[in-house]
Amino acid sequence: MGVPSEVSDKLLKLPPASAVAVKLRAEQYFDAIQGMVDLFAKKKDLDVIYVTTTVPAQSIINALEVLEIPLDHIWFVDCISQIMMSTEKRHAHTIQVESPTMLENIMLKVEFLMRKNEGRSALVILDSINSLAIHNNMKILSEFLHILVNNLRSHGAYTAIFSMQEYETDEIRSMLVLVSDETLELTDG
């Protein structure tokens, strides 16, 4: 079984409003995104709100276009392009946040997109906890995750929190255990 199918199959077993920590290695990154966005979200007819704090949204969009994944129901909260001073064009489905340190703005943008598409269920992908940990105090980040995940649960949304295994610390592991219902560790494919 390939990584995209493995991700989708494991997520399909979870009830709505679940929060899952997705532990990845760098070589599994785009396969995991494909499994969530193209297989899982499509089967469940979900909107996808993709919060990117590691890679600019346009890079993810370019990869999705190469994989021929339609962007109609995918929205991005891009927290990294401005800090990287990226001059790339901005896709119509992208909302900018100045920096990954602006946790309250991230929450407000996700809430805005949830309300904008009210009546549709959603999958919110937080990419990644490792990058947020670089830019934020761990206590404040932990509080942000608790509030965000509980808010998304109240909307019945699925939450997927990416964690790159190569950069995990004990603090990040503990934080993920506290907010996640499940931990998805991918096999070698």
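Strand β5 sends A122, V124 and L126 one way and L123, I125 and D127 the other, and each of these residues is buried. This is a predicted model. All six of the six residues of β5 (residues 122-127) are buried, so the strand is largely enclosed by the rest of the structure.

**The neighbours of β5**

Which strands pair with β5? One is β2, which runs parallel to β5 and is joined to it by six bridges. Here I49 stands opposite V124. Another is β6 (residues 158-164), also parallel, with four bridges to β5. In that pairing, A160 of β6 is the bridge partner of I125.

| Strand paired with β5 | Sense | Bridges |
|---|---|---|
| β2 | parallel | six bridges |
| β6 (residues 158-164) | parallel | four bridges |

**The nonpolar cores**

The largest nonpolar core has 34 residues, and V110 and F144 have the most contacts inside it. At least two residues of this core come from each of β1 (19-24), β2, β3, α4 (103-116), β5, α5 (129-135), α6 (138-154) and α7 (170-179). Helix α6 gives the most, with seven residues.

What does V110 touch, leaving out residues up to four places away in sequence? Its contacts are I49, V51, V77, V124, L148 and L152. V124 belongs to β5, and I49 is the residue opposite V124.

A second, separate core holds 33 residues, including V7, L11, Y50 and I60.

**Helix α3**

An α-helix has 3.6 residues a turn, so residues three or four places apart point the same way. Just after α3, E68 takes a positive phi of about 60 degrees.

**The whole chain**

The protein chain has seven helices and seven strands. Along the sequence they follow the pattern α-β-α-β-α-β-β-α-β-α-α-β-α-β. The radius of gyration is 15 Å, close to the 16 Å that the globule rule gives for 189 residues, so the chain is as compact as a globular protein of that length. Its C-alpha atoms fill a box of roughly 40 × 35 × 35 Å along the principal axes.

How much of the chain is buried? Of its 189 residues, 55% count as buried. Among contacts between residues at least 6 apart in sequence, 77% join residues at least 24 apart. The accessible surface comes to about 8,900 Å², and 52% of that belongs to carbon and sulfur atoms.

Notes. Residues are numbered from 1 along each chain as its sequence is written. This is a predicted model: local features need pLDDT of at least 70, side-chain atom pairs count only at pLDDT 80 or more; totals for chains, interfaces and linings use all residues. Side-chain values use heavy atoms; hydrogens and water are left out. Buried means under 20% relative accessible area, exposed over 50%, partly exposed in between (1.4 Å probe, protein chains only). Two strands pair if DSSP finds at least two bridges between them. A nonpolar core is a set of buried Ala, Val, Leu, Ile, Met, Phe, Trp, Tyr and Cys residues joined through side-chain atoms within 4.5 Å. Contact means heavy atoms within 4.5 Å. The radius of gyration is taken over C-alpha atoms; the globule rule is 2.2 Å times the number of residues to the power 0.38. Accessible areas come from the Shrake-Rupley method with a 1.4 Å probe; for residues, only the protein chains shown count as cover.
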